[in-house]
Amino acid sequence: MTVASAVLLVTGLGSAASAADAGTVAPAAQDVADPAESDYPANWPDLEPYGTADGRSELMAREDNSLILDLELRPQDEELGRVWMRDTYVNRFEVDGESLYVATGTTRAEGLDKAAPWNDGLYIWTAPALDGPWTLVDTTGLRPDEPKGKVWSPEFADENTADRTVVADWQTYTNPDDPATRQGQVWAPELQYIDGKWYLVACIGDAGKIVGSFGLVSEGGIEGPYRNIAETVDKPFGDPVRATDQRRYHIDGGMFHEDDDTYLVLHNDYYAKFTDDMEHLETSTDLPTFDQQKYQPEPYIEGATVTKYEGKYYLMHAIWSNTTGTAGDPSWSYLGGTGPKDQYDAVVAVSDSFEGPYSPRYTAGVGAGHNNMFVDDEGAAWMTFFRNLNKGFWSDPSVIEDSAVPGVVRLEWTGPEGDRLYAQRPQADAPLYDPMATYTEGDRVTYEGRTFEAQWWVRGQTPGASPWGGWSEVGSPSTCGTQWTTSAVYDEGDVVAHDGSRWRASWWTRNQEPARPRTGRGCRKGPADRLAGHLSGPLSGDRLGARALGVRAPRRAACELSGGAVPRAG
C-alpha cells in the first residue's frame, strides 16, 4: 500500500511591522523563552544489530493513545457492524477556509471476506473533526444507481470517451460479468488536495493481468468524477519489478507535495517528480531512488511514504517483524528468514532533504504498517493503522475480529534534538478513563489518545465531549511550546503554541482560539477572527501559520508546527 504524503503547508502572515504596514494593528512581539528540551520525551534506544525490530507494547496502538474511526456504513458493512478496512489512509486539508478530514482505504465487496480476488472500487469518507461524524461523500448526483461514496471502480469502464479515460484497459476486471470468477482488486488508495484539485493514487490488478499503481484526478469536487491522468492510461507508473515479468509493476504509489513541487513515491524506494500539469512524470522510467541505509540483507519492504514534519523528512515503510526469541525472552528481527512473522510494523528514517541521505530506520509503530501520518486541527501528529490479519499476531482467531480497522494513533515527537516520531507511549500519570469512576480536581486520564485533567469533581462526563465541561485537555509539546486546546483553561500571562506561533493570554480564557485582531485590511478572515483579543500574540517576530495544503510558505519560521508536508509517506 502507499502511504500518502499529506502536505501541511504554511502561509506567511508577516511580522508585526509588516502587518501594521498593511493596515492591521498587530500586538507587539514579546520575548518568550523556547520550551525546554525536557518537555520532549527521549528517543527509544536503538537496538543492535541493525535490523532488530522493536516489539515493545509502548509502540503499539492501544486504548489510551488511539481510536477507531466510526465511519458511515455501506450495505456490505452492515453484517460486521463497522467498515472492514486495510491500508487505512486519513488526512486533513483546508478547503474553503475550513478543516476537512478525509478517510479511504482498501475495502471488500459484499459477500467476500477479504478484498480479493476482486473488490468493487474506491470509497471516500469525510468529517469536520477527527472524531466525526464521518460520512460517505455524496456521489448520488453523479451515479444514482451506485452505492453512495464509491468514487471510482473498474465497473465504470463504460464512462470512457475518446478524450477521457476513466478506466484504462489494463485496469479492467478479468471476467467482469461473472462475480464467481471475476478478478481484479483495487487497494492502497491515497487522496491528496493540491492547488484546488483532488487526486487519488492507488494500486490495481490481478496475477493474470497487469498489476501496478495509477493516478486519478477529479474533474469536480472530492466526490468526482475522476479520470486517469495521462501517465497511467497505457501502463502503470514506473517500470516492471523484473524485466522478465512485464505484468508486475511497482506498487504502493503515493504523492508528496511541497511548495510548487509534487512527487510520486513508489513501492519501497522510488520517486519521480510530476510535471506542472500533474498529467505526467518528468521521468517515466528508470526512476531515481532514495538515499537510505538498507538492512543487510534487505528484506521485502513496501508502502513507502514521505512526510515532512518540523523541517525534517520522514521516510516510512511497512515491514513484517519476525519472532526470533522465546516466550520468556522475546525478540524480533526485520531480516528475512529469521523466524515466523509476528507484526506488520511501520519503520521510519529521517533526513534533512527529500532525496536523503536518510538516517538508520527505527520502529515507529508496532503493527501499524501500511499507513500515513497527518496533523490534526490542534497541531498534534497522528498516524493510521489497520492491523494486518494476513499473517502473524492479528491472524489469530482470538483477535482477528479487531483487525482490518480504520484506526489512528497519536504520535509523540522527541523534539528538535531527537527528531523522531513514535506511537505515543503510555502516560504514567494518566490512566485510561473509566466512565464509572469518580475524579476530583487535578486528576488526569487518557481518552482516545489524548490526556485530560479534571477541573472539578467529575463522574460520567466523557472527556472531550464539550469544551466547557469538567475535563480540560492537556496540550502536547511542540517546537513552540505546549499546544493550545479548546477545553484548557488559561489565566492571564499563560503562554501556548497555536498555528505556528506562541501566544500569551490577555486574561482568563477558555475555548477562544488565539487570533489576530480584525482591525484593518490584510487581516485573516474566518471564525477565528471573532475571538480576537482574548489571546494576544504572536510572541515571535515573524509568523507562519500552519494553515493548509496547497499554500506555499515563503520561508521557514523558527517556531512553526510543520515545515511542509505531513501525511502519508508515499
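Start by selecting Asp87. Asp87 is buried, with a relative accessible area of 3%; buried means under 20% relative accessible area, exposed over 50%, and partly exposed in between, using a 1.4 Å probe and protein chains only. Its phi is near 55 degrees, a positive value in a residue other than glycine. Most residues other than glycine have a negative phi, and most peptide bonds are trans. Asp87 sits in strand S4. Here helices (H or I, at least four residues) and strands (E, at least two) are DSSP runs, numbered from the N terminus.

Before moving on, note that this is a predicted model, where local features need pLDDT of at least 70 and side-chain atom pairs count only at pLDDT 80 or more, while totals for chains, interfaces and linings use all residues. Residues are numbered from 1 along each chain as its sequence is written, and side-chain values use heavy atoms, leaving out hydrogens and water.

Show S4, S5, S7 and S8. They form an open sheet of four strands in the order S4-S5-S7-S8, with antiparallel pairing. Two strands pair if DSSP finds at least two bridges between them. Strand S4 (86–95) and strand S8 (135–136) are the edges, each pairing on one side only. Inside the sheet, S5 (residues 98–106) and S7 (residues 125–127) pair over three bridges. Select Val102: it stands opposite Thr126 in S7.

Now pick Pro117, in the loop between S5 and strand S6 (122–123). The peptide bond from Ala116 to Pro117 is cis, with omega near 5 degrees. Go on to Pro133, in the loop between S7 and S8. The bond from Gly132 to Pro133 is also cis, with omega near 0 degrees.

**A hairpin**

Select S12 and S13. They form a hairpin with two residues between them. S12 (residues 212–221) and S13 pair in the antiparallel sense over four bridges. Val217 stands opposite Arg227 in S13. S13 (residues 224–228) is mostly covered: four of its five residues are buried.

**The three-stranded sheet**

Next, show S16, S17 and S18. This open sheet has the order S16-S17-S18, with antiparallel pairing. Its edge strands are S16 (254–258) and S18 (270–273), each pairing on one side only. Neighbouring strands are turned by 25 degrees against each other on average, direction ignored; axes are lines fitted to C-alpha atoms, for helices over the stretch in contact, and angles run from 0 to 180 degrees between N-to-C directions. Four bridges join S17 (residues 261–266) to S18. Tyr263 has Lys273 in S18 as its bridge partner.

**Aromatic pairs**

Keep Tyr263 selected. Ring pairs link Phe256, Tyr263, Tyr271, Phe290, Tyr313, Phe354 and Tyr358 into a cluster. Rings of Phe, Tyr and Trp (its six-membered ring) pair if their centres lie within 6.5 Å; planes under 30 degrees apart count as stacked, over 60 as edge-to-face and the rest as tilted. The count comes to 28 aromatic pairs. Zoom in on Phe290 and Tyr358: their ring centres are 6.0 Å apart and their planes at 90 degrees, so the pair is edge-to-face. Phe290 lies in the loop between S18 and strand S19 (302–309), and Tyr358 in the loop between S22 and S23, 68 residues apart. Both are buried.

Jump to Tyr439 and Trp471. They form an edge-to-face pair, 5.1 Å centre to centre, with 70 degrees between the planes. Tyr439 lies in strand S28 (residues 438–439) and Trp471 in strand S32 (residues 471–473), so the pair ties together parts that are 32 residues apart in sequence.

Which residues touch the most other members of the largest nonpolar core? Of its 27 residues, they are Tyr309, Tyr314, Val348, Tyr362, Met373, Met383 and Leu421. A nonpolar core is a set of buried Ala, Val, Leu, Ile, Met, Phe, Trp, Tyr and Cys residues joined through side-chain atoms within 4.5 Å. A second, separate core of 26 residues includes Val151, Trp170, Ala202 and Ile222.

Select Tyr362. Not counting residues up to four places away in sequence, its contacts (heavy atoms within 4.5 Å) include Tyr314, Val348, Leu421 and Arg420.

Finish on Arg420, in the loop between helix H2 (415–418) and S27. Arg420 is buried, at 11% relative accessible area. Its side chain makes a polar contact with the side chain of Asp46 (2.8 Å). A polar contact is a pair of N or O atoms within 3.5 Å; within protein, one must be able to donate a hydrogen and the other to accept it, and residues adjacent in sequence count only if both atoms are side-chain atoms.
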